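Me: Here is a model to go through. I will ask what the labels rest on.

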Amino acid sequence: MKIAIVGASGAVGQEFLRILEERPLPIDELLLFGSERSAGRTYRFRGREVAVRLLQHNDDFRGVDFALASAGAGTSREFAETITRHGTVMIDNSSAFRMDTDVPLVVPEVNPEDARNAPRRIIANPNCTTIQMVVALQAIERLSHIRRVHVSTYQSASGAGAAGMAELEKQHAELCAGQDPTVDKFAFQLAYNVIPHIDVFTDNDYTKEEMKMFNETRKIMHSDVRVSATCVRVPVMRAHSESVWVETERPVSAEEARAAFAAAPGVVLMDEPAAKAYPMPLFVAGKDPVYVGRIRKDLACDNGLTFWCVSDQIRKGAALNAVQIMETLL
């Protein structure tokens, strides 16, 4: 089996390398691709050094079975035909193809069968906030159809890539030294602050990030569920958190929900409030599952439930989900 990583030097590309190193996949050859800035760098994989090739419009993908791409929507659109024309399946982490009707949008715990219907040989990886939410929602959907979701996200700096994490670190260091903080990657200073603004605003005053959660959830779950989101950047280095409220067709008790979460694939139940056991990004960063806790009946709606979930958005929210899609096809 021959695998390629496109965008190998980025935060998700590096996570691809770590995950492929950890998992017992029969990889005979690994190719790495990147921009002019990263071409020529070498990374160690299974005992040998692999050099990053410049991504070009040529036949470098001939014989490649799967390409794991995380190089941005523009690059994905430009190079999709080059990557797939010899039969390679492109699993794309960008937003380029997510809502295309002939491109499946897949979370293996929810809709694995969709991955097998990819006429363009492109499979889209959903947005990180959507992935962790639908993994949790699927457990409730099996009990009763979900009509509505309200969600507030608490998204870490790593959602903006390696540059976002570096800027948060730099801001803390500058502020501690009595200096003005560098503000470049985010709209405002993130250190000691929260920013209720991720991605650009659309005509309805929701951001594109918030609209992704509406549209992608419906496509993945094949559902008429309506999702209203507020996405917030918080000064956390890694792992996203979400406060989720759902309204189901029939009342679902907290006990039923706990049992469903405990049995759900990809979910770890962490819900013992008396013992202060609930998910937090400090302890979830670097781990694979979606952690769920703070499960309660909603006080404002008879058919309502509310819960808290946390997941590492570079792993399950990006690189791991893409690798799991590949494993589903294998």
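Me: Why is D60 called partly exposed?

Reply: Its relative accessible area is 21%, and the class in between runs from the limit for buried (under 20%) to that for exposed (over 50%), with a 1.4 Å probe and protein chains only as cover. D60 is therefore partly exposed. The model is predicted: local features need pLDDT of at least 70, side-chain atom pairs count only at pLDDT 80 or more, and totals for chains, interfaces and linings use all residues. Residues are numbered from 1 along each chain as its sequence is written, and side-chain values use heavy atoms, leaving out hydrogens and water.

Me: What makes D60 and R53 a salt bridge?

Reply: Their closest N and O atoms are 3.7 Å apart. The term requires a side-chain nitrogen of Lys or Arg within 4 Å of a carboxyl oxygen of Asp or Glu, so the pair qualifies. R53, at 34%, is also partly exposed.

Me: Where in the chain do E216 and R98 lie?

Reply: The side chains of E216 and R98 meet in a salt bridge at 3.4 Å, N to O. This pair links distant parts of the chain, with E216 in helix 5 (residues 208-221) and R98 in the loop between strand 6 (89-92) and strand 7 (122-124), 118 residues apart. Both residues are buried. Elsewhere, salt bridges that share partners join E15, R18, E22, R238, D288, D312 and R315 into one network. The whole structure has 23 salt bridges.

Me: Why is F283 called exposed?

Reply: Its relative accessible area is 51% and the limit is over 50%, so F283 is exposed. F283 lies in helix 7 (residues 281-284).

Me: Why are strand 9 and strand 11 said to stand at the edges?

Reply: Six strands form an open sheet in the order 9-8-10-13-12-11, with mixed pairing. Strand 9 (226-233) and strand 11 (267-269) each have a single partner strand, so one side of each is left without a neighbour in the sheet. Two strands count as paired if DSSP finds at least two bridges between them. Strand 12 (residues 290-297) and strand 13 (residues 304-311) have five, in the antiparallel sense.

Definitions and conventions. Helix = DSSP H or I, 4+ residues; strand = E, 2+ residues; numbered from the N terminus.
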